[in-house]
Amino acid sequence: MIARLGPCPHCHAALSYLEGVAGSSINPNCPRCKMEVSVERATFLMADHSRPTAKPPVVVKASS
Ligand SMILES: [Zn+2]
């Protein structure tokens, strides 16, 4: 299995491109924007949670 990191060409979300895993496709859908992503080899797209996203972290305020 080959895994590489890259942005979605449509929404630029951080994605993991996993080649040769079950469920791979040569036109997988982005898990975020659901658009097809053209790849040269069968690839499975997964949101990359190892890097921070554009969303700010949720801050939970303790009620006093
Ligand atoms: Zn996308």
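Student: What is the order of the three strands in the open sheet?
Tutor: This is a predicted model, in which local features need pLDDT of at least 70 and side-chain atom pairs count only at pLDDT 80 or more, while totals for chains, interfaces and linings use all residues. Residues are numbered from 1 along each chain as its sequence is written. Strands are DSSP runs of E of at least two residues, numbered from the N terminus, and two of them pair if DSSP finds at least two bridges between them. With antiparallel pairing, the open sheet has the order β1-β2-β3.

Student: Which strands stand at the edges, each with a single partner strand?
Tutor: β1 and β2 pair in the antiparallel sense over six bridges, with Leu 5 opposite Ser 16 in β2. β2 also pairs with β3 in the antiparallel sense, over five bridges, and Leu 15 has Ala 47 as its bridge partner in β3. One side of each edge strand is left without a neighbour in the sheet, because each has a single partner strand, and these strands are β1 and β3 (43-47).

Student: Is His 12 buried, partly exposed or exposed?
Tutor: His 12 lies in the loop between β1 and β2, and its phi is positive, near 65 degrees, in a residue other than glycine. A residue is buried if 20 or more other C-beta atoms, placed from the backbone, lie within 10 Å of its own, exposed if 12 or fewer, and partly exposed in between. Because His 12 has 13 C-beta neighbours inside 10 Å, it counts as partly exposed.

Technical notes:
Helices (H or I, at least four residues) and strands (E, at least two) are DSSP runs, numbered from the N terminus.
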